[in-house]
Amino acid sequence: MNDTGNTLYYSDYLRLDTLLEAQHPESQKHGVSAHDETLFIITHQAYELWFKQILHELHSILVLFSSVPLDEKKLNTMLARLERISRIQRLINQQIGILETMTPLDFLDFRDYLTPASGFQSVQFREIEFRLGLSHHLQRKLFGRFSGKDRAHLTRVIEDKSLFEYLECWLVRTPFLNCRDFNFWQSYRDAVKTMLNHDADTIANNSILSDTEKSGQLKGLKEIRNSFNVLFDEDLYQQNQSQGRFKLSHSATLAALFIQLYRDEPMLQQPFKLLTRLMDIDEQLTAWRSGHVMMVQRMIGMKIGTGGSSGCDYLKSTISDKRIFADLFNLSTFLIPRSQLPSLPVELQRNLAHSTSNSENLTTTV
């Protein structure tokens with residue numbers, strides 16, 4: 001047992017000799033020993049290791065999502081791996097707090113030695129964004145200050161189908177529910193009209209509100225009606241889509257909304273979980289960017305970044321512009337109370353009660 005020459009040894013398996021010797025502070029090369037630079041290096045190396053794991057999960061998910069139809073077993077595997085990505089993101093976001101144990105003056109001890117390197121040059125993080133679907137949303141594919149090799153790699157990445165695009169194709173394949181003499185969307189539209197008319201009556205008859213307050217609330221209700229009108233008018237929807245309000249196609253949005261509305265049906269529970277996992281990932285990405293902005297502002301104030309960007313001002317601009325699955329969040333605009341949902345035909349209820357999560361099988365009912 002003492003002879004480890006022919007057996008697998010812990011440090012060899014993990015390549016610890018290489019891993020633990022991979023921290024080389026730039027400050028030492030300039031004859032300065034900046035104590036906190038080691039923390040800075042290790043934290044970012046840990047980020048990159050977790051980015052590698054996220055990409056490992058994403059690649060497998062994209063392969064699974066390419067299957068047509070998407071069967072229940074593959075969907076279950078995807079859900080587990082999407083959950084893993086979300087949990088890794090939560091851990092990564094917590095690491096910002098560790099970096100913040102370094103004070104701004106501690107950072108200034110070595111910051112100038114890092115120029116022009118920048119976190120924006122993380123090829124793995126940019127690839128994660130593109131694999132999720134950010135490249136599909138961007139009109140101009142700007143990579144930042146990457147080497148020629150890394151730029152070529154990212155160029156190849158954006159040519160591949162993203163998770164957003166696979167999601168859209170999958171949703172489009174979900175059939176629209178016109179079962180014989182039952183048109184779901186007309187029934188849903190009638191239910192929305194009843195709900196909004198009730199809201200208008202409630203506002204108008206509210207004795208607590210002043211005339212000015214009533215007018216303001218009725219104006220807001222009119223805007224809500226307009227939002228629903230966009231949903232029911234495909235041409236109007238496409239006009240809004242061309243203005244950037246929607247990323248998903250009209251048919252994909254309707255399918256996603258139906259899944260949200262009838263999430264309790266056995267056949268739709270797994271698809272609902274899929275939409276929820278994607279929102280979790282988008283939320284964690286947004287939290288990452290927001291946390292990063294606060295950390296950068298705390299460390300450098302309004303100074304420019306080491307990579308030449310405008311520092312925290314640039315980071316702030318990326319928070320809302322880089323939402324990938326915002327359409328899924330916005331579906332809440334179109335939800336109505338369960339008690340007001342249209343009753344589905346018995347035949348459709350019977351099909352939705354099947355345990356399978358493959359909603360594409362609904363084609364037999366339309």
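Reader: What makes leucine 171 a residue in contact with others beyond its neighbours within four places in sequence?

Author: Contact means heavy atoms within 4.5 Å. With its neighbours within four places in sequence left aside, leucine 171 meets this criterion with Leu248, Ala252, Ala255, Ala256 and Ile259. The model is a predicted one, in which local features need pLDDT of at least 70 and side-chain atom pairs count only at pLDDT 80 or more, while totals for chains, interfaces and linings use all residues. Residues are numbered from 1 along each chain as its sequence is written, and side-chain values use heavy atoms, with hydrogens and water left out.

Reader: Why is the set of 91 residues called a nonpolar core?

Author: The term denotes buried Ala, Val, Leu, Ile, Met, Phe, Trp, Tyr and Cys residues joined through side-chain atoms within 4.5 Å, where buried means under 20% relative accessible area (1.4 Å probe, protein chains only). The largest such core has 91 residues, and Phe65, Leu163, Leu167, Leu171, Tyr188 and Leu328 touch the most other members. Helix α15 (residues 266-300) gives the largest share of this core, 14 residues; helices are DSSP runs of H or I with at least four residues, numbered from the N terminus.

Reader: How do you know how helix α7 and α15 are placed relative to each other?

Author: Two packed helices are described by the angle between their axes and the distance between the axes. For α7 (residues 123-132) and α15, the axes come within 12 Å and cross at roughly 145 degrees, on a scale that runs from 0 to 180 degrees between N-to-C directions, with axes fitted to C-alpha atoms over the stretch in contact. Phe125, Glu129 and Leu132 of α7 make the contact with Ile281, Leu285, Trp288 and Arg289 of α15.

Reader: Why is arginine 15 called exposed?

Author: Exposed means over 50% relative accessible area. Arginine 15 has 57%, and is therefore exposed. This residue lies in the loop between α1 (10-13) and α2 (16-19), and its phi is near 55 degrees, a positive value in a residue other than glycine.

Notes. Helices (H or I, at least four residues) and strands (E, at least two) are DSSP runs, numbered from the N terminus.
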